[in-house]
Amino acid sequence: MTAKVASVGMYVPQRRMSNNELTELVDTSDKWIYSHTGIRNRHIADDSEATSDLAYHASVQALERASLEPDQIDLVLLATSTPDYPGLPSTASIVQDRIGAKKAGAMDIVAACTGFVYGLETARAFVTSGAARTVLVIGAEVYSGILNWKDRNTCVLFGDGAGAVIVKRSDEEAGQSEMLDSFLRSRGSGARTLLRPSGGSRTPVVPGETEIETTKLYMDGRRVYMFAVGAMTDVLDYLLERNNLTIDQIDHVVPHQANIRIIEAACKRGGFPLEKFFTNLEEYANTSAASIPIALNEMVETDRLKRGDMVITVGFGAGLTYGGNLIRW
Ligand code: ACO
């Protein structure tokens, strides 16, 4: 039994925030942000929009494009580190109800920016084992809600958005669309390089004592940068070697959209051609678990990604986690 990606959808909030707008909040400039990251804009949810709202719109589009009814979904997997509510209920359950997937299980996947890569592999495992026939995999984030808008080291880097795919049992012959392989890793020794220090069971919020900034995202940017470059080359080397492929046989690499300099450095270190790497972070910034499905959606909509193309996704993020998926689209 094989699994394939049947369709993809995306949604970003209407509000578009430029680098210049950020100069009103922190001591920064369009020049610094663009030259250090490749980012020019990001989309920001309004006060009425939570992660499940973004996820809902992306999911409806993916369902329509796969010509599926909601009750044909067996499982909803939602990768996020910005759930509607902390810990419970899962945001996946909220989306499952709203789309009307009455016969589906639902759970969140927490692997930060690698969450969608983990979600795709989980879906593949369910489908190829026979445990599910059709799985909705979503990456959705509202990072604007967990950013410290006074911290220029982090607030310029992120945006909000959602992407979704339908993974289903492939009825096609071998050689057609198929999710071929994945690589998932965690390096938990780096857990404290990217985290929200307060608000969990380790350091609960104490009224009158906890500083609100400590409930927001903290990042050691330099360490994450070093980790990310190595993680990207490790993922690509591993997936290519294990599948007896060379980079020439890959049509597209779809990296997590964190920073153009990370992508360029990984290409240089690994000897990979930059033109195979899709980027759209200039428009959306880092949307964490949503960045890879948003990229896939844009590639399909612009005819850049076609059936039969060989694709490798590469994710890295808090955990520290990293991984990738090899897909014949
Ligand atoms: N505007 C202006 N100056 C800034 C800004 C800003 N927004 N941010 C930092 N600076 C300053 C710093 O204060 C520092 O000044 P100093 O030398 O006087 O101390 C200077 O710029 C250089 O800072 P560096 O940290 O050395 O800048 P660097 O070139 O490393 O770029 C960056 C910083 C973009 C954060 C980079 O380290 C990076 O991309 N790291 C990885 C981040 C990432 O990918 N995070 C997401 C991971 S995915 C997830 O799971 C969420």
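Trainee: In what order do the strands of the five-strand open sheet run?
Mentor: The order is 1-7-6-4-5, and the pairing is mixed. Keep in mind that this is a predicted model.

Trainee: And which strands stand at the edges?
Mentor: Strand 1 (3-11) and strand 5 (105-109) do. Each has a single partner strand, so one side of each has no neighbour in the sheet.

Trainee: How much are neighbouring strands turned against each other there?
Mentor: On average by 20 degrees, ignoring direction.

Trainee: How many bridges join strand 1 to strand 7?
Mentor: Eight, and the two strands run antiparallel, with strand 7 covering residues 161-169. To find your way in the viewer, pick Met 10: its bridge partner in strand 7 is Gly 163.

Trainee: Remind me, what holds strands of a sheet together in general?
Mentor: They pair through backbone hydrogen bonds, in either a parallel or an antiparallel way.

Trainee: In which sense do strand 12 and strand 13 pair?
Mentor: Antiparallel, over eight bridges, with strand 13 spanning residues 321-328. A pair to look for is Val 314 with its bridge partner in strand 13, Gly 324.

Trainee: While we're on backbone geometry, what is phi of Ala 112 like?
Mentor: It is near 50 degrees, a positive value in a residue other than glycine. You'll find Ala 112 in the loop between strand 5 and helix 5 (115-129).

Trainee: Now the ligand. Which residues come nearest?
Mentor: Of the 27 residues around the ligand, the nearest are Thr 28, Cys 113, Arg 222, Asn 259 and Ala 318.

Trainee: What about N and O atoms, say in the side chain of Trp 32?
Mentor: An N or O atom of the Trp 32 side chain is 3.4 Å from a ligand oxygen. The side chain of Arg 261 also has an N or O atom 3.2 Å from an oxygen atom of the ligand. With Gly 221 the backbone is involved: an N or O atom there lies 3.0 Å from a ligand nitrogen.

Trainee: How much of the ligand does the protein bury?
Mentor: The protein buries 76% of the 1,000 Å² that the ligand exposes when taken alone.

Trainee: Which element gives the most to the shell around the ligand?
Mentor: Helix 7, with four residues. The elements giving two or more include helix 2 (30-37), helix 8 (260-270) and strand 12 (310-317).

Trainee: How does the shell divide by residue type?
Mentor: Into 14 nonpolar, nine polar and four charged residues.

Trainee: Last one: which domains does the shell draw on?
Mentor: At least three residues come from each of domain 1 (3-169) and domain 2 (178-328).

Technical notes
Residues are numbered from 1 along each chain as its sequence is written. This is a predicted model: local features need pLDDT of at least 70, side-chain atom pairs count only at pLDDT 80 or more; totals for chains, interfaces and linings use all residues. Side-chain values use heavy atoms; hydrogens and water are left out. A residue is near a molecule or strand if one of its heavy atoms lies within 4 Å of it. A polar contact is a pair of N or O atoms within 3.5 Å; within protein, one must be able to donate a hydrogen and the other to accept it, and residues adjacent in sequence count only if both atoms are side-chain atoms. Accessible areas come from the Shrake-Rupley method with a 1.4 Å probe; for residues, only the protein chains shown count as cover. Ala, Val, Leu, Ile, Met, Phe, Trp, Tyr, Cys and Pro count as nonpolar, Asp, Glu, Lys and Arg as charged, and the others, Gly among them, as polar. Domain bounds come from an automatic or database domain assignment. Two strands pair if DSSP finds at least two bridges between them. Axes are lines fitted to C-alpha atoms, for helices over the stretch in contact, and angles run from 0 to 180 degrees between N-to-C directions.
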